[in-house]
Amino acid sequence: MNKKIIACGIMLVSAFTANPLFAQEQPAEKSSNLNIYRVTATKVNDLVHTKLDVSFDYAKRYLYGKEWVTLKPHFYATDSLTLDAQGMDIKTIALVGAKGNTPLKYVYKDNKLYITLNKKYTNAEKYTVYIAYTAKPDELKVKGSAAITDAKGLYFINPDGTDKNKPTQIWTQGETESSSAWFPTIDKPDQKTTEEISITVKSKYTTLSNGKLLSQKANADGTRTDTWKMDLPHSPYLFMMAVGEFKITKDIYKGKEVSYYLEPKYAPYAKQIFGKTPDMIRFYSNLLGVDYPWNKYAQVVARDYVSGAMENTTATLHGEQVQKTDRELLDENEEGTIAHELFHQWFGDYVTAESWSNLTMNESFATFGEVIWHGHDAGQDAEDKSRYEKLQSYLGSTKKGESPVLARFYYNDKEDMFDNISYAKGSIILYALKNQMGDAAFYKSLNLYLTTNAFKNGETHQLRLAMEDVTGKDWSPYFNQWYYNGGHPVLSIDYGYENGKATIKVKQTQDSSVQTFTLPIKIDIYAGGKKIRKEILINSREQNFSFDVSAKPDLIDFDVDKILVGETNDNKTAENYYFQYKNAPSYANRIEALQFIMQSKANSGQLVLLEGLKDKSADLRALSIDGINLEDAQIKAAALPVLLQIAKTDKNTEARSAAIVKLAATGDQAYKTLVLESLKDRSYKVIAAGVDGLAKLAPQETISAIASLDEDTRAHIAPSIASLYINEPKDDYQAFYDNIMLTGDRNKVFGVVGQYFQYLRANTNPAVTEQGITNISNAIERLKLQPYLNKQLAGAYTAAAQAKTQQAAAVSGEAKTKLGKQAELFKKGAADLGKRIIAKSHLKKRAGMETSPALSLCNNEV
């Protein structure tokens, strides 16, 4: 699964500078309920085949279901069956026999069906149970998590058609154990079953499910029944349905259908969104030595999805952020998510994690799959960039080297496993293992793991044993360190030179509660015009190393391959970093050198930033643009022609946008033409940069320029418009903000809520204040943004109330009355949010949940 956490804009951060917004940058709260060992579910009965016949009541949000579930005892003979069935009305339970059905006794309690069979069955005997039921997901009281925000299994989207801006859809989300909210099953990942499902819908709708579409039957009442069949076994949480007015675009891989289900508006761009999918399938099939194992691969995009994407077997479901127009695709795509979910078809679907404690066998691999796809598609630098971002994402959620165990058998709730440990950290642990083992041995080991456990379950020990079988080496020390112990090394490194020797002093400074790591490290010493490769082994808290060199080193490049799953703090000089950028140009070395130069603000580093303007990575070009100092006449003379070239011709819209804003910031009217031309660009990012630039060069023309843009463009550059309205907070501008609060999705609301608060703070009309606080609160409720915004907004409102009170004390008359009223409104808004924070905290504690909000995932996955 690809967990999609809110895309967080810089402007939102600045809006709450006194109240840091992002919990992912804080260490996760330590759990108070970690004393329960989470055993893998015991198998009393095994699922064999699941046949479903379902239809829907849109008005009631009900599913009417009939099920024929075939099972057999796992080993011991049994005369009972327990099924998970969440929030259902059970109509009939009967044993299917040759001469008819025989009613069975059962007890339905605590969302479980306890069924007494007609006799004791052995594991050589199969039996089939028929169940007629009604699933009522909207009446089910369940909780989600930061990664999967809801857990009711079956979702009716705009079922009454009242929202004219949203299609009517039905879709399912099974992970972790929510499939049992729409059909009774043994809802555990260590179960595998074949599947057949008949879905009856209005004839105008398209359906999608696992496996092959066997038949479509038109019914007399204007409905149609589609029957899908999955001949190969997979876990219940990977069952799926999607129903809606989708348009299908078809591709092919080795004769197998590859299809893309999109809303009609986005269908013309299907190949631009998903078109690399057949190449991805081919790449992964060849790399793993296991050809794509299923009979088709479909991808569908759904509205109001509760996470980023879900790797349902043969039929991935994506959130709406994936579907984009050709213009939107100029600025960004979701290729990483598409690759992530596809790699799950091997790691997660073909071989499934035995338990949620072993989630790393699904999510670490899928995240690893993203990284290697970027390398295959765009080259080693793109792969290194992706890997660097995963590392930074993980490190940003830790403190003092502390983090939970990867293969985690103690946790509060299974939902807690969907974190930066299972995703980001696990992926770079795999990459480091690949580096140590060598590509050939690593992928041969993955092949053995997959083929040995095909259509079954896997755990970390099985991966280790496969690797040992292939390489002949005991990998227990690696797994003990990285899979069964938590944390990461924090290295303090001191480079020196004396008496013809390069010296390296290394200290492991992670918290004393964190293990001492054993780390094989490659280093390159650049001295006397030569590069010398050395290998060292760090295995204690403090170690010293020395090497004979011909001259004082220009640079010691520590961890040459950048596979260290940890942090380094060293005493490199500015000159070392300048040399590093030019002569040891891995992605990590380049970005770290540029970041050092920007932080140090040393004039000597500006020459490196000039080179950075031509960096092969677009994000490093943009970083260099941000850091270049145009107040230095010599640097300015050299930089301006390059910046102008980037602004006009760079293929990457992020770099172009950064250059436009940088040039406009000079105040030179010569760039007004550039800015005005950018307003005609097809890229929304470039247009937004033009608006920002025009506000600097000709602020009096900005509002009219925005008005001249079409409605679609204005909607896409809303954060830029929202920032401009702060400077002149007219009452009339409130409609712009409120429209986003009322209709925007999560990312759109996040993109402007900070600016909306600043607008409300700057405005002097209490009626505007009251309406704004109300509409922000409603948007938070509608989109379930409480964990992300309540605390921060409460603090911001409190500060605003204090400021308004102080302003009121300095004036009199109507102005004093208005300011006093605004102060009261902000104070009340803070109090209301505070009450919800307390209530939410109490609910989470009662439910055994951690109270820390989201992880860092402005990239995408479940």
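Modeller: Ala, Val, Leu, Ile, Met, Phe, Trp, Tyr, Cys and Pro count as nonpolar, Asp, Glu, Lys and Arg as charged, and the others, Gly among them, as polar. The model is predicted, so local features need pLDDT of at least 70 and side-chain atom pairs pLDDT 80 or more, while totals for chains, interfaces and linings use all residues. Residues are numbered from 1 along each chain as its sequence is written, and side-chain values use heavy atoms, with hydrogens and water left out.

Colleague: Which residues line the largest cavity?

Modeller: Lining residues have an atom within 4 Å of a point; here they include A432, Q436, W482, L519 and I563. The lining comprises 9 nonpolar, 3 polar and no charged residues. At least two come from each of α8 (421-437), α11 (476-482) and β26 (519-527), where helices (H or I, at least four residues) and strands (E, at least two) are DSSP runs numbered from the N terminus.

Colleague: In which sense do β26 and β27 pair?

Modeller: Strands pair if DSSP finds at least two bridges between them; β26 and β27 (residues 530-538) have 9, in the antiparallel sense. K522 stands opposite E535 in β27, and in the hairpin, with 2 residues between the strands, G528 takes a positive phi near 60°.

How values were computed. On a 1 Å grid over the protein atoms alone, a cavity is a set of points where a 1.4 Å probe fits but cannot get out, and a pocket is an open set with protein on both sides within 12 Å along at least five of seven lines; lining residues have an atom within 4 Å of a point.
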